[in-house]
Amino acid sequence: MWDSQSPPQSESIIRIMRETIFNIHDLVLMMTSVQCVCFVLLLLITNPPNNRSNYWLVAFLITQAFIPMHELVLWGTDIRGLVLENYPRLFFWMGFAYFMDGALLYFYVKSLVYRDMSEHRKDVLHLLPVIAYVIFLIATFYSHSLPERVQLIEHDVYVYSTPYLTIDFFGKLGRIFYCIACILLIIKYKDQLKTTHSNIERVDIFWLNLLVAGFLIVTSITAALALAKIVHIWISFHPNLFQIMGLTSYYSVFFLVLILVFSSMRYFATFEPIQKEPKQPAETKLVNIAFAEKVDAAMRTQKLYLSPDLTLDVLSETLHIPSKDLSLIFNRHFNSNFYEFINGYRIAEAKQMLVDPKQKDKTITQIYLEVGFNSKSVFNTFFKKIVGQTPSEFRQKQAA
C-alpha cells in the first residue's frame with residue numbers, strides 16, 4: 001500500500017507547482033491542446049488521398065493534444081479539483097502520450113523523407129513502451145479501489161512515488177532517443193540527395209531541422225525535470241527549478257506547434273522525398289561502358305550541367321538511360337556521386353570563364369550562377385576543394 005501522506009521532501013514542489021494555477025500558464029496549455037486539435041481537423045479535411053505522412057503527423061499532434069491536458073489534470077488546481085470530483089478515472093491514463101509521441105514523430109519524418117516508405121510488422125515493437133506504461137498503471141494504481149485512488153491523488157502520494165517517477169523518467173528519456181533518430185534520418189536524407197540532385201541547397205530542410213531540434217530541446221527539458229524529481233527524493237534543492245523547467249517546456253511546445261502549422265502550410269507541399277536506399281544485390285551488376293561514354297560525351301558537348309535544376313531523373317530522361325544504371329555509372333565508373341560529378345564539370349567551366357579575357361568584366365557571382373550553382377558558399381567550397389584556391393585567388397593568379 002502507498003503511504004497516506006505525500007513525501008515530505010515533495011511538499012515544496014507541490015506548493016510551487018500549484019501556485020501558478022489558474023493563470024496564463026494553464027491558458028497556454030489549453031491553447032496548445034486546442035490548436036493541435038484544430039490542426040488535426042484541418043489536415044484530415046485538406047489531406048490529399050495518398051499523402052501518408054500527414055496521417056503520421058495527425059497521430060503525433062493528437063498525442064501533443066493529450067500531453068498538456070495530462071499536465072493540467074495533474075497540476076491545475078481548478079481543473080484538477082473538477083476532474084477529481086467528477087471524473088477521477090481520467091487521472092494518469094493520458095500520460096500514455098509521453099510514451100508514444102517520439103515514435104510517431106520519427107515515423108512522420110521517415111514518411112516525409114522516403115516516398116516509398118511502408119510499415120512492417122516489426123514496427124509494432126514501438127508500442128512496447130505504451131503497453132508497459134498501461135500494465136504499470138493497472139498494477140500499481142488501477143488495482144486499488146476508487147476511494148483509495150482518490151486518496152492517492154488528493155495527497156499526491158502516487159505521483160511522487162518512486163515507481164511512478166521512475167517509469168515517468170524512462171518514458172521521457174525514450175523521447176530523446178527518437179528525436180536523435182530523427183536527426184540522423186535527416187542527415188542521411190541530405191547525403192542521399194547528393195545521389196539525385198546537383199543542387200541540394202534548393203531543397204529547403206531548415207524548417208524540418210528546426211522542428212526536430214526544437215522537440216529535442218523540449219524532450220530533454222522534460223526528461224531532466226523527471227530526473228530532478230527522482231533526485232529530490234534524496235537531495236533537496238530549490239523547488240523553483242521545477243517551475244522554471246516545467247513552464248519552459250510548456251511554452252516551447254506551444255511555439256513549436258505554431259511553427260509546425262506555419263511550416264506545413266508553406267513547405268510541406270514542396271518537400272521533395274527520395275527513394276529508400278536500395279539493398280545491394282547478391283550479384284554485382286556490371287557497368288555499361290557505352291552508357292558511361294554517352295554521359296561523358298553529353299556533358300562535354302551539350303553542357304547539361306549548366307542547368308541549376310538538373311537532377312538524376314532529368315538526366316535519365318534526356319539521355320534515355322535508366323536512373324539505376326546512371327547511379328551505378330557514377331558510383332563505380334566515375335567513383336563519385338551525382339552531386340559531385342555534376343559540380344565537378346561546373347567548376348571546370350568556371351575555371352575557363354575566370355581566365356577568359358572576354359569574361360573579365362563578369363563578377364564571380366555572375367560566373368557561379370551561369371555555370372549552374374545557386375550558392376556562393378557551395379561554389380567557393382567546391383572550387384577550393386578541387387583547385388586548391390578560392391575563385392578570387394585563382395583569377396588574380398592567372399591574371400598576374
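Visitor: Which helix does Trp75 lie in?
Guide: Trp75 lies in helix α3, residues 52-75. Bear in mind that the model is predicted.

Visitor: Why is Trp75 called buried?
Guide: Its relative accessible area is 5%. Buried means under 20%. Trp75 therefore counts as buried.

Visitor: How far apart are Trp75 and Asp26, in sequence and in space?
Guide: They are 49 residues apart in sequence. C-alpha to C-alpha, the distance is 9.3 Å.

Visitor: What makes Gln35 buried or exposed?
Guide: Gln35 has 14% relative accessibility. The cut-off for buried is under 20%, so Gln35 counts as buried. Gln35 belongs to helix α2, residues 24-46. Leaving aside neighbours within four places in sequence, Gln35 contacts Phe254, Val257 and Leu258.

Visitor: How do you know what span helix α5 should have?
Guide: Helix α5 covers residues 101-113, which is 13 residues.

Visitor: Why is α5 called largely enclosed?
Guide: 13 of its 13 residues are buried, so the rest of the structure largely encloses α5.

Visitor: Which residues touch the most other members of the largest nonpolar core?
Guide: That core has 60 residues. Leu57, Leu61, Leu105, Val109, Phe373 and Phe379 touch the most other members. Helix α5 gives the largest share, 9 residues. Another core, of 37 residues, lies apart from it, with Trp75, Ala97, Tyr164 and Ile230 among its members.

Visitor: What does Phe373 contact, neighbours within four places in sequence aside?
Guide: Its contacts include Asn199, Asn343, Arg346 and Tyr368.

Note on methods. Residues are numbered from 1 along each chain as its sequence is written. This is a predicted model: local features need pLDDT of at least 70, side-chain atom pairs count only at pLDDT 80 or more; totals for chains, interfaces and linings use all residues. Side-chain values use heavy atoms; hydrogens and water are left out. Helices (H or I, at least four residues) and strands (E, at least two) are DSSP runs, numbered from the N terminus. The expected span of a helix is 1.5 Å times one less than its number of residues. Buried means under 20% relative accessible area, exposed over 50%, partly exposed in between (1.4 Å probe, protein chains only). Contact means heavy atoms within 4.5 Å. A nonpolar core is a set of buried Ala, Val, Leu, Ile, Met, Phe, Trp, Tyr and Cys residues joined through side-chain atoms within 4.5 Å.
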